Amino acid sequence: MNTSFKIFLTLILISLGISEIYSQPPPIVNALKSAVIPGWGELSMGNKTGYIFLAAEATLWSTRFYFQSESDLKLRQADQFAFNRANLRSFDLNDDLRFKMERYNQSGFGPGGYNESVLNEAMTINDPEMRDKFLKENLLDERIFWDWGNQDTRVQYRRMRSESMDFDDYAKAIGGTIIVNHIISFFNAMRIANKENHRSNVTIYSGFDREMTPFLGAVVLF
């Protein structure tokens, strides 16, 4: 169970638990509902703005799924391109190896090769022990092999990888927007609840300190 899901589940249990205690839940309950599912708190109070947040949430998740799917697709296409055009042989294709393949025409000690660059850099290290350690840590095993043949093919591969990373960045940006949607819905639900329940003894406030660090606080009157 990951951390995000634990937080999600905790907020739901708190909301439902407080609802059971009070016949008329305090404003914080509906605010917590909206923090979990944007629009839930508003709709619980019969406020139609909840539909806006729900629609935004559905749209954002759909968009994020699309961008992530495109990123994964572009990455698979780039990997297949490497296997087909560079005769890639590797038992562990990861981001570090992909990055090396973008920068070097081949894996070995030939001109433009990755191992050649490692060897040249090692020759600048005067300490024999440090030089041996550097070589041991950075030289590629001969079982990991690629050869693009020419620079143009390697550049084409880099473009494909770049497209994958662009879509991944878009997905991350949408993820941030999803969080913002939850926060805005939380404050909107609190505002509506406080407006409808003048007896509320909970006040939520937010702002920025002198160092422009955002903060969130609450005042509870007993």
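**Entry 1: serine 185.** I looked up serine 185 and found that it counts as buried because its relative accessibility is 0%; buried stands for under 20% relative accessible area, exposed for over 50% and partly exposed for what lies in between, with a 1.4 Å probe and protein chains only. I placed serine 185 in helix α8, residues 151-196. Helices here are DSSP runs of H or I with at least four residues, strands are runs of E with at least two, and both are numbered from the N terminus. Leaving aside residues up to four places away in sequence, I listed Ser34, Pro38, Gly39, Glu42 and Phe53 as touching serine 185, where contact means heavy atoms within 4.5 Å.

**Entry 2: basis of the values.** I note that the model is predicted, that local features need pLDDT of at least 70 and side-chain atom pairs pLDDT 80 or more, whereas totals for chains, interfaces and linings use all residues. Residues are numbered from 1 along each chain as its sequence is written, and side-chain values use heavy atoms, without hydrogens and water.

**Entry 3: the protein overall.** I recorded eight helices and two strands, in the order α-α-α-α-α-α-α-α-β-β from the N terminus on. Of the 222 residues, 35% count as buried. I took the accessible surface as about 14300 Å², with 57% of it belonging to carbon and sulfur atoms; the areas come from the Shrake-Rupley method with a 1.4 Å probe, and for residues only the protein chains shown count as cover. Among contacts between residues at least 6 apart in sequence, 58% join residues at least 24 apart.

**Entry 4: proline 26.** I located proline 26 in the loop between α1 (3-21) and α2 (27-36). Proline 26 has 15% relative accessibility and therefore counts as buried. I also noted that its C-alpha atom is separated by 7.8 Å from that of alanine 193, 167 residues apart along the chain.

**Entry 5: helices α6 and α7.** I found α6 (residues 114-122) and α7 (residues 128-138) packed at an angle of about 165°, with axes 10 Å apart. That makes α6 roughly antiparallel to α7; angles over 145 degrees count as roughly antiparallel, under 35 as roughly parallel, 65 to 115 as roughly perpendicular and the rest as oblique. Axes are lines fitted to C-alpha atoms, for helices over the stretch in contact, and angles between N-to-C directions run from 0 to 180 degrees. From α6, Tyr114, Val118, Leu119, Glu121 and Ala122 make the contact, and from α7, Arg131, Phe134, Leu135 and Asn138.
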